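Please look at the sequence and the structure shown here before reading on.

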Amino acid sequence: MTNNQKIDEEALAEAYNRALALEKAGDIDAAVKAYEDVLAIDPEDHGGASVRIASMGRGETPPKAPDAYVETLFDQQAEAFEDILVEQLGYAVPMIVRQRLQALDLGPFKRMLDLGCGTGLTGEALRDMVDDITGMDLSENMVEIAHEKDIYETLYVAEVEDFLEDNDDDAFDLITATDVLPYLGALEPIFFGAAENMVEGGLLIFSSETLGDDVLAGRPFMVGPHQRFAHSETYVRERLAATGFEVIEVTDINVRMQDGHPTPGHLVIAKFKG
């Protein structure tokens, strides 16, 4: 958060609260204008104003959630993260990953890369199936909690796409990205980056959220009502094929509960053909 000292925190809080109130009141035009005021004060967008504008169906859909927003969100949530995600939102994707790998008789694995590892839920779920696990996350607070669990051989604080581009460790035969795609719009960078860091025949496993065809209306991705990116299955399949992956399985899943309603999504397992 390099520009924090230059931000007028008081003006920012005031502008953000005004924008939230207008959005809640249903005055979309005024809310969009207010969020634009927020962005003028805080161009790095720690509060995620750009995705809130997109979630109201205005402006251009950003290619991904701003790094500053994701970092702030998860740094703030780190201590209560597992309680919120698992107990309150019913998040069970890491165990679904484990179940699908076992059902398909895939594994064991030599080297796993856990993208957006958070506090280590996926690492924990797969620990006995992998010799060596590397985890990375944008949130330093999350990585500290994962480190305390002693699940990972190696941990990095980094942004997913940057890490995949810069990494020069040995290639991986398993790459997981659970609950990462809801913060990414365009998928080319993460799929291409995964391919660059994977052995031939390696597996890429990830979860994504989706919305009905009527809502997506032919769009490859959009920001949904909860400021999270939803992707069409067609787009996911096309991008995987274009980056050298063969889809092994797409499973319809409930990613999490949100306001008492299930969040539909997919668990995708793809093999890198090289």
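The notes below begin with the whole chain and then turn to its parts.

This is a predicted model, in which local features need pLDDT of at least 70 and side-chain atom pairs count only at pLDDT 80 or more, while totals for chains, interfaces and linings use all residues. Residues are numbered from 1 along each chain as its sequence is written, and side-chain values use heavy atoms, with hydrogens and water left out.

**The whole chain**

- The chain holds twelve helices and nine strands, where helices (H or I, at least four residues) and strands (E, at least two) are DSSP runs numbered from the N terminus.
- Its radius of gyration is 19 Å, close to the 19 Å that the globule rule gives for 274 residues, so the chain is as compact as a globular protein of that length; the radius is taken over C-alpha atoms, and the rule is 2.2 Å times the number of residues to the power 0.38.
- Of the 274 residues, 52% are buried, a word that stands for under 20% relative accessible area, whereas exposed stands for over 50% and partly exposed for what lies in between (1.4 Å probe, protein chains only).

**Helix H8**

- In helix H8, which covers residues 140-149, the buried residues are Met142, Val143, Ile145 and Ala146.
- Seen down the axis of H8, these buried residues fall within an arc of 160°, so they line one face of the helix; the arc is that of the directions from the helix axis to the C-beta atoms.
- An α-helix has 3.6 residues a turn, so residues three or four places apart point the same way.
- His147 and Glu148 are exposed and sit on the face of H8 turned away from its buried side.
- The buried residues of H8 pack against helix H4 (67-77), helix H5 (81-88), strand S2 (130-137) and strand S3 (154-157), with contact meaning heavy atoms within 4.5 Å.

**Aromatic rings**

- Rings of Phe, Tyr and Trp (its six-membered ring) pair if their centres lie within 6.5 Å, and planes under 30 degrees apart count as stacked, over 60 as edge-to-face and the rest as tilted; by this rule there are eight aromatic pairs.
- The ring centres of Tyr16 and Tyr35 are 5.9 Å apart and their planes stand at 70°, so this pair is edge-to-face.
- Tyr16 lies in helix H1 (residues 9-25) and Tyr35 in helix H2 (residues 28-41), so the pair ties together parts that are 19 residues apart in sequence, and both Tyr16 and Tyr35 are buried.
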